[in-house]
Amino acid sequence: MKAAVVFDPATGPVYADFATPQAGPGQHLVRVTASSISHVVKSRASGKHYSFDGTLPFIAGIDGTGVTEEGQRVYFAFPPTPWGSMAEFAPVDANLCLPLPDGLDNATAAAMANPGMSAWASLVTRAQFQPGETVLINGATGSAGQLAVQIARYRGAGKIIVTGRNPQVLAQLDADVSVLLSDDATLIAQQLADLAAQQIDVVIDYLWGQSALAILTALAKHTPGQTPVRYVQVGSLSGADIALHSAVLRSSPIALMGSGIGSLSLTQLIQATGEMLHAAVPGGFTIATTPARLDDVAEAWSQDDSKKRTVFVMD
């Protein structure tokens, strides 16, 4: 079969032949209809993601949409190594296949699944977000951040605060307050201090780096009373490390946690994805996409950015 195959993590996937898989016990052999590029997919293909096990060659992609042998339209995730979702077929554990809701097309579901799962799992599963609470989404201008805003609104957020470096995208988000991550650290610190003093219940952080340090510092100094702030770390687009003073966590009711593969089980991640996909139509969730052909994977891979979700459509 044809697939996006990674022979060398330094060069990325190429369109090539790969052995056609067979379904094992408890598996479906899914005929893939769509699969999208995400940050975790690119990181795994480069060999840099913590979940990469070193097997070469392997097929890129961790999830997608497809059709089972029985003709059921499904979302699927985590084909076992060396298989991946960017191929004509993928063997998938039956427990990791979810029926797709009516009204949600294959390409949109494939594009929305990974960032939507990330947003739903961090906000709903990890943070246990409640209606009426205030949420700060650090790095809201990417696909996952934009979906997090939509999900927070759908789940009844009392106030949504967003941060990002793109003022045009920030202005388009359905948020109550926006903080532009400019080069003026003093201004950002003052804005965050004012917001923290008004109470922030949940932080969903896609950036880490200096913006995360500024938020944590503001929360430690200005959070009123002893109401816990649930800080959920999801991504590190602005840097993998920060110099966090220990007093920040000792002096304030901040519950610092992560959300991702490992901190949540595959079952929890799949459940979060299913809940998000079934909320997508009634919630009116949207995501910007760029459709592509699988045989153009090398070019599409190099041109992919966070502004739109690149989706390989096979049906």
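Buried means under 20% relative accessible area, exposed over 50%, and partly exposed in between (1.4 Å probe, protein chains only). This is a predicted model, in which local features need pLDDT of at least 70, side-chain atom pairs count only at pLDDT 80 or more, and totals for chains, interfaces and linings use all residues. Residues are numbered from 1 along each chain as its sequence is written, and side-chain values use heavy atoms, leaving out hydrogens and water.

**View A. Asparagine 166, in a loop between strand 10 and helix 4.** Helices (H or I, at least four residues) and strands (E, at least two) are DSSP runs, numbered from the N terminus. With 27% relative accessible area, asparagine 166 is partly exposed. Its side chain reaches the backbone nitrogen of valine 169 at 3.1 Å. Setting aside neighbours within four places in sequence, asparagine 166 is in contact (heavy atoms within 4.5 Å) with Thr141 and Leu180.

**View B. Glutamate 133, in the loop between helix 2 and strand 9.** Here the relative accessible area is 14%, so glutamate 133 is buried. Its side chain makes a polar contact with that of arginine 230, at 2.9 Å. Such a contact is a pair of N or O atoms within 3.5 Å; within protein, one must be able to donate a hydrogen and the other to accept it, and residues adjacent in sequence count only if both atoms are side-chain atoms.

**View C. Tryptophan 208, between strand 12 and helix 6.** Though not a glycine, tryptophan 208 has a positive phi of about 55 degrees. This loop residue counts as buried, at 13% relative accessibility.
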